[in-house]
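Keep the structure open as you read.

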Amino acid sequence: MSSYEFETHEPVDLYVELSKGEVEVTASDTTATTVEVEGRDAERVEVRQDGRQISVIGPKGNRGGGFFGGEQSYTITINLPAHSNAILKSGSADVALDGTFGQGQVKSGSGDCRLDTFDGPLVVETGSGDIVLSRAGAELRVKSGSGDVDVAHAEGTLSVSTGSGDVEIGTTNGQAVVKTGSGDLEIGHAGDGVSMSTGSGDMKIGAATRGKFNAKGASGDVMIGIPAGVPVWTDVTTVSGSIHSDLRGAGQPEPGADYVELRAKTVSGDIELREV
């Protein structure tokens, strides 16, 4: 095992590049950044400090050839000051970030990404890995080929795109665009407008409180809840599915009051509008 320690009284800019293994980063109230590398030939992992940047870079061109092929596996454990920025790139390495970070960019080929809190803009991209995020305090962009996406809370604008993975979002407070080829889409509480689309998955919004909502699907079902008393305008169509609504008319919205503008369209899926 190789160990490193750097004096860092302010948040740092972390850069990690690793093909295979695990990366665990913890942001806390500390004045030092520590890095531990475990694995055969751990000293081959380059660790250095350049001003406020801390770089941790795994060796390239190992046996098996290529950055993502047949390389040595390493476990990298990093502790750094809270609100640090983080850029991580991995081939198949799993990534876990605990604590509160500034802004970030995380890219993985097939590794899973488990992220805690980011106060700044965040971009997360995976090929087949799953993505779990506790809180995004600013703009969030997520893209995955076949991985599932689970976001507990998105404060700013949100963009999620997957090929075949499911998407589950607890709460959104900004404009959201969510797309998947064949996965299910679910949002618990939407505090602003949402655009959703899927080829064969189901779409669900537990509570749509205000703004413009668009749901477009082929064979999946659509269920959208509207809080009681919120005025709603609807444009709902399905070719061969059924439509059910228990919404009660709330009249015209008062000046400055919340209201919902809802459009939902499916080919063979059912559409349900529910008062919640």
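Lys-60 is exposed, because its relative accessible area of 51% is over the 50% cut-off. The model is predicted. Lys-60 forms a salt bridge with Glu-17. The closest N and O atoms of the two are 2.8 Å apart. This pair links distant parts of the chain. Lys-60 sits in the loop between strand 6 and strand 7, and Glu-17 in strand 2, 43 residues apart. Is Glu-17 buried or exposed? Glu-17 is buried, because its relative accessible area of 11% is under 20%.

The side chain of Asp-13 meets that of Arg-52 in a salt bridge, 3.1 Å from N to O. Arg-52 is partly exposed at 45% relative accessibility. Asp-13 is partly exposed too, with a relative accessible area of 24%.

Arg-114 and Asp-98 meet through their side chains in a salt bridge of 2.8 Å, N to O. Arg-114 belongs to strand 11 (residues 113-118) and Asp-98 to strand 9 (residues 94-101). The two are 16 residues apart, and the pair links distant parts of the chain. Arg-114 is partly exposed, with a relative accessible area of 40%. Asp-98 counts as partly exposed at 29%.

Salt bridges can also share partners. Glu-46, Arg-48 and Asp-50 are joined in this way into one network. How many salt bridges does the count come to? The count comes to ten.

Next, the backbone. Most residues other than glycine have a negative phi. Which residue in the loop between strand 4 (32-38) and strand 5 (46-50) is worth a look? Asp-41 lies there. Asp-41 is not a glycine, yet its phi is positive, about 60°. Asp-41 is partly exposed, with a relative accessible area of 33%.

His-83 is in the loop between strand 7 (74-81) and strand 8 (85-90). Phi of His-83 is near 70°, a positive value in a residue other than glycine. His-83 counts as partly exposed, at 45% relative accessibility.

Definitions and conventions. Residues numbered from 1 in each chain as written. Predicted model: local features only at pLDDT ≥ 70, side-chain atom pairs only at ≥ 80, totals over all residues. Heavy atoms only, no water. Helix = DSSP H or I, 4+ residues; strand = E, 2+ residues; numbered from the N terminus. Buried < 20%, exposed > 50% of the residue type's maximum accessible area, 1.4 Å probe, protein only. Salt bridge = Lys/Arg side-chain N within 4 Å of Asp/Glu carboxyl O.
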